Amino acid sequence: MDRSKKYMNPYLAGFLIGLFMIAAYFFSGEGLGASGALKTTVVAATDVVAHDYAKEAEFFKRYVSSPDSVPIKTWLIFEVLGVIAGAILSAAIFGRLGSEIVKPPHITNKTRLIAAASGGLLFGIGSQLGRGCTSGMVMSGMSVLSLSGFIGLIAIFGGGYLIAYFFRKLWI
Amino acid sequence: MGPLFPTNIIGEELNLLLAFFIGIGFGFLLEAAGFTNTRKLAGVFYGYDFVVLKVFFSAAITAAIGIYLLSYYGYMDIKEIFYPQTYWIPTLVGGFIMAFGFIIGGFCPGTSICAAATGKLDAIVFVGGAIIGIFFYAFTYESLWMNLRQSGAMGEVNIAEWIGISQGLFIFLLTVVAAIAFYVVTIIQQRVTSKRDFKL
């Protein structure tokens, strides 16, 4: 087996992620997130390009218009910068760095890329409506036993199993 | 004493530095566990690879036990930490939209960021799609989403209190369920992969 196929034991990886989650809460009072950093990027970009729009628009105004603005989650931006660095580090060590399109053999590159873009689009919308994604809402929410995290868990994974059959040709 | 930043024991600079290092750990482990490979992620829905379920539940249960003990012994004030408010309707609807995103796109935001960083072109496209999705949501927020997003508000709800059992018992039951799930999915995975080599 070549080096690029060697993965860490999933239970060990999960246990260690759990310890980092505890550290995030203990030191900073924050959960581990991802979509929040993307949202912050969108808010910041819109504020730079169209501040007058942003300070009036319902979605943006609570982040950008003082005095009642919610501070943007700078913590998540630094955390996600770390995630990027950590992923590159691990991929470099295990020999998995490199440009490629990962897909099952029977799918064309074009199909895979269109599916990936469409899936990203839906995840972007869903994560905003649902107040966070698999990390920031479900995993972090479950860690503090928030009902919200468990509803998210059932909706994302339960929903996934409900519809998996209809999209099987993308994967198997 | 904890959480250290919200209770002003550590300052802003150290807090952001810690964010970066905690992120490195999270990203490293996601990559090391195989979460940059979209086929391994999708495997959880088709029975040929359950790494998502194993990592996800191990992490959530470890964190739940640790945070419960820190709080129980008075080392961390749970009122000072980020605690997701429950709005059950938008979380259910948003979660279902995310389920479509996961099955069609093969990533979630965290795993796509990791995979994009390591050069996976499909992940870069997924991240681009997610950013466009958030822009779309933001610009249509008032007309399409605002009422739905504010519906079903329940405030801060602890699931154990909501069910009416102690938090310790809930975590114990969750651990038992996870252990049974780990055992069952291992058998399923062996059966599915013995019939066909998915060449992951």
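**Notebook: two chains and their contacts**

I began inside chain B, where ten residues of domain 1 are in contact with eleven residues of domain 2. For contact I used C-beta atoms, placed from the backbone, that lie within 7 Å. I was working on a predicted model, in which local features need pLDDT of at least 70, side-chain atom pairs count only at pLDDT 80 or more, and totals for chains, interfaces and linings use all residues. Residues are numbered from 1 along each chain as its sequence is written, while chains are lettered from A and ligands numbered from 1 in the order in which they are written.

**Entry: domains of chain B**

I looked up the elements on the domain 1 side of this contact, and those giving two or more residues are α1 (12–32) and α2 (38–46) of chain B. Helices here are DSSP runs of H or I with at least four residues, strands are runs of E with at least two, and both are numbered from the N terminus. The largest share of that side, four residues, comes from α2(B). By class I found six nonpolar, three polar and one charged residue on the domain 1 side. Nonpolar covers Ala, Val, Leu, Ile, Met, Phe, Trp, Tyr, Cys and Pro, charged covers Asp, Glu, Lys and Arg, and the others, Gly among them, are polar.

I then noted the bounds: domain 1 of chain B is 1–83 + 163–200 and domain 2 is 84–155. Such bounds come from an automatic or database domain assignment. The two centres, taken over C-alpha atoms, are separated by 20 Å.

**Entry: chain A by itself**

Chain A has eight helices and zero strands. Its C-alpha trace spans about 60 × 40 × 35 Å along the principal axes. Of its 172 residues, 58% count as buried; that takes 20 or more other C-beta atoms within 10 Å of the residue's own, against 12 or fewer for exposed, with partly exposed in between, and C-beta atoms placed from the backbone.

I found chain A divided into domain 1 (1–98) and domain 2 (101–172), with 17 Å between their centres over C-alpha atoms. Their contact takes eight residues from domain 1 and nine residues from domain 2. On the domain 1 side, α2(A) gives the largest share, three residues.

**Entry: chain A against chain B**

Next I turned to the contact between the chains, which takes 108 residues from chain A and 114 residues from chain B. On the chain A side, α1(A) gives the most, with 18 residues. That side divides into 66 nonpolar, 32 polar and ten charged residues.

**Entry: α7(A) on α3(B)**

I picked one helix pair: α7(A) and α3 (residues 51–72) of chain B pack at about 40°, with axes 7 Å apart. The axes are lines fitted to C-alpha atoms over the stretch in contact, and angles run from 0 to 180 degrees between N-to-C directions. The pair is therefore oblique, the class left after under 35 degrees (roughly parallel), over 145 (roughly antiparallel) and 65 to 115 (roughly perpendicular). Met139(A), Met142(A) and Ser143(A) meet residues of α3(B) including Phe56(B), Ala60(B) and Ile67(B).

**Entry: Leu16(B)**

Finally I checked Leu16(B), which is found in helix α1 of chain B. Is Leu16(B) buried or partly exposed? Leu16(B) counts as partly exposed because it has 17 C-beta neighbours inside 10 Å. Leaving out residues up to four places away in sequence, Leu16(B) touches Thr74(A), Trp75(A) and Phe78(A).

Technical notes. Contact = placed C-beta atoms within 7 Å.
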